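Student: Could we go through this structure together? I have not seen it before.
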Amino acid sequence: MAGRGKLIAVMGDEDTVTGFLLGGIGELDKHRRPNFLVVEKETSLAEIEETFRCVCGGKGGLGGRRARRGLGVSQKCQEGQGFLAREDVGMILISQALAEQIRPAVAAHARALPAVLEIPSKDHPYDPARDSVLRRARGLF
């Protein structure tokens with residue numbers, strides 16, 4: 001990664017992720033792993049959490065559509081790394097509603113990079129009381 005910048009990864013509903021992709025953050029690494037995850041109704045919590053943090057898995061990409069192609073979580077776990085484990089990811093944007101679903105994984109992340117920022121989504125407005133980063137920052141003051 002010498003001389004290259006870090007990627008921004010995004011996890012959320014289709015509208016949120018599409019907006020960021022239209023803004024130009026979509027990227028595939030050399031292993032063809034995307035830096036985004038579209039979470040649909042049929043996307044499992046295990047898949048969401050692995051995409052976020054698994055050191056052995058979490059390919060990212062189109063969420064529940066992978067299940068329709070027949071790729072399970074254990075098979076997917078051999079395909080790549082989660083966003084926290086990827087060297088090329090410097091920031092993870094995750095919708096706050098999604099972060100609530102995997103709160104233990106989000107709260108356990110204590111490193112500076114990649115930075116994890118919770119963002120609002122179309123259906124769920126931002127609630128500062130539920131933001132783990134903001135709570136940590138308040139503890140410093």
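Student: How do β1 and β3 pair?
Tutor: Strands β1 and β3 (residues 89-95) pair in the parallel sense, over five bridges. Strands are DSSP runs of E of at least two residues, helices runs of H or I of at least four, numbered from the N terminus; two strands pair if DSSP finds at least two bridges between them. This is a predicted model, where local features need pLDDT of at least 70, side-chain atom pairs count only at pLDDT 80 or more, and totals for chains, interfaces and linings use all residues. Residues are numbered from 1 along each chain as its sequence is written, and side-chain values use heavy atoms, leaving out hydrogens and water.

Student: Which residue in β3 is the bridge partner of Leu7?
Tutor: Val89 is the partner of Leu7.

Student: And what joins β1 to β2?
Tutor: Three bridges join β1 to β2 (residues 36-38), and the two run parallel. Val10 stands opposite Phe36 of β2.

Student: Is strand β1 largely enclosed or open, and why?
Tutor: Strand β1 (residues 7-12) is largely enclosed by the rest of the structure, because five of its six residues are buried, that is, under 20% relative accessible area with a 1.4 Å probe, counting protein chains only.

Student: New topic: what kinds of residues form the lining of the largest pocket?
Tutor: The lining divides into three nonpolar, five polar and seven charged residues. In this grouping Ala, Val, Leu, Ile, Met, Phe, Trp, Tyr, Cys and Pro are nonpolar, Asp, Glu, Lys and Arg charged, and the others, Gly among them, polar.

Student: Which element gives the most to that lining?
Tutor: Helix α5 does, with three residues.

Definitions and conventions: Buried means under 20% relative accessible area, exposed over 50%, partly exposed in between (1.4 Å probe, protein chains only).
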